[in-house]
Structure formats: structure tokens, C-alpha cells
Amino acid sequence: MNPIILFPGAPALSRISLGGSTFGRELDKNQAFALMDHALTRQFTHFDTAATYNAGASERIVGAWLASRRPPAGALTVATKIYPPFTPEAIDAAVAASAQRLGVDVIDLLYLHKWDADAETPAALTALDGLVRAGRVRALGVSNFIADQLRRVLELQTRLGLALFRALQNANNLALRDVDAPLRELCDAHGVAIITYSPRGAGFLTGKHRGGVEPGSRFDVAPGHQDVYFHAGPERRLARLAAVSARTGHSMAHLALAWALHFPGVSSVLIGGRVPTQLDQAFDALAFEDPALFAELEAD
């Protein structure tokens with residue numbers, strides 16, 4: 001896969017990127033700083049956060065780290081996301097608030113965090129285009145969109161001559177697959193980078209919750225995640241992963257992460273952790289490629 005550059009002057013998108021959804025929740029400022037320091041040392045070029053992550057705490061921690069570490073220009077792309085409503089006024093206010101929490105004048109990559117009917121209106125797309133033209137945002141993206149939703153907004157942006165969405169961020173793992181073939185084909189045709197998150201299913205695919213939700217885990221701290229994973233389909237895929245892990249001797253977490261990192265059409269995978277050494281596990285998974293084994297894992 002050719003290196004993806006999201007905007008002029010940006011670094012090539014690293015195959016492994018750092019997700020900040022746990023900053024200010026499972027991780028305090030010092031723990032998050034240690035994770036970001038290690039990610040930069042390992043040449044991650046992309047950090048991701050969002051306005052809704054822990055009521056803005058994640059953005060504030062990333063902003064404090066940027067102010068403290070001052071990474072060189074062109075070394076890092078920092079993305080954030082804004083939540084509906086997507087009226088021009090709400091977009092303007094949300095972007096201003098995120099920029100303030102991050103301590104930046106310009107947001108590198110701005111996502112719409114989820115689909116909303118306002119996203120498919122000339123008013124919203126013109127407001128986003130205005131942010132790019134005014135130099136407040138360098139590149140635009142969408143998160144948690146399906147193919148038809150993304151196709152419609154791209155067509156409207158093209159018809160109106162507006163700045164196009166350059167990145168898509170969806171969940172994608174062995175239990176929950178939100179990057180299907182139509183979406184991959186659409187992104188490839190329009191030059192949209194695919195960035196996926198939750199490769200280990202918020203810990204579900206490590207197998208540590210098979211006897212019940214582990215206290216202090218993400219499913220315990222944020223129980224809304226349980227509804228996504230704890231039902232028949234994901235449980236069946238988890239059982240297959242456990243069987244393959246037992247047969248091959250590779251851990252469930254390693255296999256799940258390797259599968260996500262080698263998924264066709266994906267430019268980068270967001271990972272997190274509680275300690276820096278967990279980031280290193282992703283490089284071991286990136287080096288592990290076994291198409292036949294991956295096909296066995298994903299068979300339904």
C-alpha cells in the first residue's frame with residue numbers, strides 16, 4: 001500500500017496510530033503522557049482524540065502533551081472529532097472548543113464523529129469547507145459512516161466544489177466489522193484513507209471477559225460497550241479465535257491485532273493501552289502475516 005498523506009506538509013500515515021479514548025478515564029495525565037512519548041519514539045505519526053472522549057479530558061491531555069513536548073512541524077497529525085448537531089453554528093462552536101482544548105490554532109484532521117442527517121446538507125458541508133479555506137482545519141474526515149452515507153456526502157461535496165472528506169474512521173475487528181467491501185471500494189475510488197479502531201474489541205477479543213466482565217476494564221468503566229459485543233455473533237467469533245489460539249499457541253490478543261493490521265484496504269489502525277509496552281505488541285502483530293490463518297479466523 002502506498003503511503004497516505006492526508007494534507008500537504010503532513011507526515012505519511014503510520015500503519016499503527018495512537019487512540020486517545022481512554023485518556024482522562026482509564027489513564028490519567030501522566031500515564032497518557034508516557035503512552036504518547038513512547039508512541040512518538042516508535043515513530044507513530046498519527047494521534048487521535050475526540051471532543052466527547054471523557055467530556056473533553058482526552059483533548060485537554062493531548063493539548064497539554066503537545067504544549068510540553070512540542071513535536072517538530074510535520075512529525076505528527078492530530079485528529080479530533082465533533083458530535084452532532086452539524087448545523088453551521090454548532091460546527092463553528094465545536095471546532096473552536098476543540099482547538100482551545102488542544103491548544104492549537106489549526107486542527108490537522110477533523111472528523112464528524114457519527115452520521116447525522118445534517119451531515120448531508122449543503123449548509124453543513126459548506127461550513128466544513130469554510131473551515132479548510134480559512135485555515136482552521138487542514139483535512140476533513142467522517143467516522144462511523146456506512147458506504148451509502150459516505151457516497152452521498154462525497155457526491156454532494158463534488159457537485160458543490162467543496163473540500164472532500166479525506167479519511168474514514170470505523171470500528172473493525174474480528175467480532176465487529178464496520179469496514180465492508182462496498183465501503184473499501186468507495187474509499188479506494190475517491191482516495192479516502194481508511195483508519196480503523198478497536199482492533200481487540202475493547203478487550204473482548206483478548207478472552208479476559210469470558211468468565212464475566214473484568215473489574216476496572218473498559219466494559220466495566222463504560223458499560224455501554226457491553227451491548228456491542230456480548231451477544232451471539234461476537235461470542236461465536238470469540239470462540240473460534242480461542243480455538244485457533246489454543247491450536248497455534250499464539251495469544252488471542254496477538255491474533256486479533258494481526259488480523260486487524262493486515263485487513264485489506266486499511267491505511268492505519270488505532271491502538272491504545274495502559275502501559276507503553278502494550279504499544280510494542282502491535283509491531284509484533286504487524287510482522288505476523290498468515291493469510292490462511294486470517295481467513296480461518298474470519299469465516300462465519
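S17 has its place in strand β1; strands are DSSP runs of E with at least two residues, helices are runs of H or I with at least four, and both are numbered from the N terminus. The model is predicted, so local features need pLDDT of at least 70 and side-chain atom pairs count only at pLDDT 80 or more, while totals for chains, interfaces and linings use all residues. Residues are numbered from 1 along each chain as its sequence is written, and side-chain values use heavy atoms, with hydrogens and water left out.

S17 counts as buried because its relative accessibility is 0%. Buried means under 20% relative accessible area, exposed means over 50%, and partly exposed lies in between, with a 1.4 Å probe and protein chains only. Not counting residues up to four places away in sequence, S17 touches F44, H46, S268, V269, L270 and I271. Contact here means heavy atoms within 4.5 Å.

Strand β1 (16-19) is also one of the elements against which the buried residues of helix α11 pack; the others are α1 (29-41), α10 (252-261) and β8 (268-271). Helix α11 covers residues 276-286, and its buried residues are L279, A282 and A285. Seen down the axis of α11, these residues fall within an arc of 105°, so they line one face of the helix. The arc is taken from the directions from the helix axis to the C-beta atoms. An α-helix has 3.6 residues a turn, so residues three or four places apart point the same way. On the other side of α11, T277 and D284 are exposed.

The next topic is the nonpolar interior. A nonpolar core is a set of buried Ala, Val, Leu, Ile, Met, Phe, Trp, Tyr and Cys residues joined through side-chain atoms within 4.5 Å. The largest such core has 79 residues, and L18, F23, M36, I91, L112, L128 and F165 touch the most other members. Helix α10 gives the largest share of this core, eight residues. A second, separate core has twelve residues, including F7, A10, L13 and A139. In soluble globular proteins, nonpolar side chains tend to be buried together. Leaving aside its neighbours within four places in sequence, F23 is in contact with L18, A32, L35, M36, N54, A57, S58, I61 and V62.

The whole structure holds eleven salt bridges, each a side-chain nitrogen of Lys or Arg within 4 Å of a carboxyl oxygen of Asp or Glu. One of them joins the side chains of K81 and D48, at 2.5 Å from N to O. K81 is in strand β3 (residues 77-82) and D48 in strand β2 (residues 46-48), so this pair links distant parts of the chain, 33 residues apart. K81 counts as buried because its relative accessibility is 0%, and D48 is buried as well, with a relative accessible area of 3%.

D108 and R138 also meet through their side chains in a salt bridge, at 2.5 Å from N to O. This pair links strand β4 (residues 107-112), which holds D108, with strand β5 (residues 137-143), which holds R138, 30 residues apart. D108 counts as buried at 11% relative accessibility, whereas R138 is partly exposed at 41%.

R152 forms a salt bridge with E120, with the closest N and O atoms 2.9 Å apart. R152 lies in helix α5 (residues 147-160) and E120 in the loop between β4 and α4 (122-133), so the pair ties together parts 32 residues apart in sequence. R152 is partly exposed, at 35% relative accessible area, and E120 is partly exposed at 29% relative accessibility.
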